[in-house]
Amino acid sequence: MTTPTRSVSPNEPSGGPTAWFAKEDGWAILIGLTIVLTGSVLFWNGANLRWLAALPPKWASPSQVAADLVTHWPRYGAQYLFWLAAFAIALRALGRSIGTFVPAFSFLYLAAYAIFVLGQWEGAVRYNLEPPLVALFVGLAVANLIGVPRWLAPALRGELYIKTGIVLLGATVPLSLILLAGPIAIVQASIVSIVTFAVIFGIAVRLGLDRPFAATLGVGGAVCGVSAAIAVAGVVGARKEQASITISIVVLWAIAMIFALPFVARGLHLPTGIAGAWIGTSEFADAAGIAAAQTYGGLAGKVEGISGTADQALQAFTLVKVVGRDVWIGIWAVVLAIVATTRWEERPAGSAPDIREIWRRFPKFILGFFLASSVVTAATAHYDLAGYNKEAIPNLIAPIKDLRSWAFIFSFLSIGLTTRIRDLAATGRKPLIAFTAGVAVNLALGYVLSVHLFGAHWAGLGQ
């Protein structure tokens, strides 16, 4: 049997500390922590990041948007230059062309601003169409109905943007909350990850798909979708087109779940914390899951019968999906590296699997999430709850959340613009059947765990 060519994971630094900055994860951590540390230092000195964290106002008349732009255009200009510089430096270090990135990102920022304005319209707010969700809709519509010009491609860096946003998300989830809820989140996520992988892998092999392809599909459904598929495809030696098919199926189901999960949860009147945990165990991509959790969290206080807060939905999702399931990228990578090397591939006699693979494949931007949480926890440790709500939230947390929203919009728009739904037509039914079986099991198992087994825990999250 011919040994498949092994690709290198995007998360795999080799060499010393400088290798961290040859990968997206290292730059996402650096950009996110720079924002969090700067915000914390300003907060300690009686100032804040509010001036940089400009965002369009909620509006009913276009004149309100025009008035805001006339008044605050220097803030938007400074913010644009900040994001441009941060991502340009990162991409230059990653070996990308800055000359092509600058005009492409400039257009992306203007499109993100227009989408943010649309998402702030009172009609969109009424139906909980969060700006990142609007960005995904717009991106999908343009990509699949009109087409995306090639010159825009250098700015469509969805993974870099979402990882930066998740680091910033850590600043809004206190470390004390992670310590309190983390163990349950990890247990719940581990059960779902193992069972979902086993179902997808087993059915895919029975349908005649080769094991590397089956493993890529399985991890795509069991962990965090796109990132996991890319990482594990390299580990097990899956072909490039097999990774692409997996990514397409993941994105298809992830988009479907953005609508389905909040809709079903609303019909069941689930508390926001429980719904967030269910979304965390049932979604297949961080960006899509954040959109679903934000959408459902926005119903709190607006729809009768839905208890909890908007933050509980996003925090529960983050704990289960980002803290719990995403950690399994590294675990599945090392397990499948051993299995692929010892059982599926030829290897030199006497050689052994590289046990350092778990560190190489570990999603290191999660470390940035914890560091951001630690920084903000330290910065606000002397406040009681009333002081935290009065001082820390408006002056430290809120500006970081607003900058995070921009990062998410960049990401969701990029994902939409790079998703071709028609590509699935050429994949055949077998991969879709295997993955869909995993979806069914994932939904049912996640519901039982989130609502019945750990429901009381998630309903009282943060209280």
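Are Glu-24 and Lys-163 buried or exposed? I looked up both residues in this predicted model: Glu-24 is buried, and Lys-163 is buried as well.

**Entry 1: salt bridges overall.** I searched the structure for salt bridges and found 6. I recalled the general principle that oppositely charged side chains can pair when their charged atoms come close.

**Entry 2: Arg-157 and Glu-24.** I noted a salt bridge between the side chains of Arg-157 and Glu-24, at 2.9 Å from N to O. Glu-24 belongs to helix α1 (residues 24-44) and Arg-157 to the loop between α5 (131-146) and α6 (158-170), so this pair ties together parts 133 residues apart in sequence. I then checked accessibility. Arg-157 has a relative accessible area of 17% and is buried. Glu-24 counts as buried at 14% relative accessibility.

**Entry 3: Glu-24 and Lys-163.** I found that the side chain of Glu-24 also meets that of Lys-163 in a salt bridge, at 3.8 Å from N to O. Because Glu-24 lies in helix α1 and Lys-163 in helix α6, the pair ties together parts that are 139 residues apart in sequence.

**Entry 4: network.** I traced the links and recorded a network of salt bridges that joins Glu-24, Asp-25, Arg-157 and Lys-163.

**Entry 5: Asp-311 and Lys-401.** I looked up a further salt bridge, formed by the side chains of Asp-311 and Lys-401 at 3.5 Å from N to O. Asp-311 lies in helix α13 (residues 310-325) and Lys-401 in helix α17 (residues 385-417), so the pair ties together parts 90 residues apart in sequence. I recorded Asp-311 as partly exposed, at 38% relative accessibility. Lys-401 is partly exposed, with a relative accessible area of 26%.

Definitions and conventions
Residues are numbered from 1 along each chain as its sequence is written. This is a predicted model: local features need pLDDT of at least 70, side-chain atom pairs count only at pLDDT 80 or more; totals for chains, interfaces and linings use all residues. Side-chain values use heavy atoms; hydrogens and water are left out. A salt bridge is a side-chain nitrogen of Lys or Arg within 4 Å of a carboxyl oxygen of Asp or Glu. Helices (H or I, at least four residues) and strands (E, at least two) are DSSP runs, numbered from the N terminus. Buried means under 20% relative accessible area, exposed over 50%, partly exposed in between (1.4 Å probe, protein chains only).
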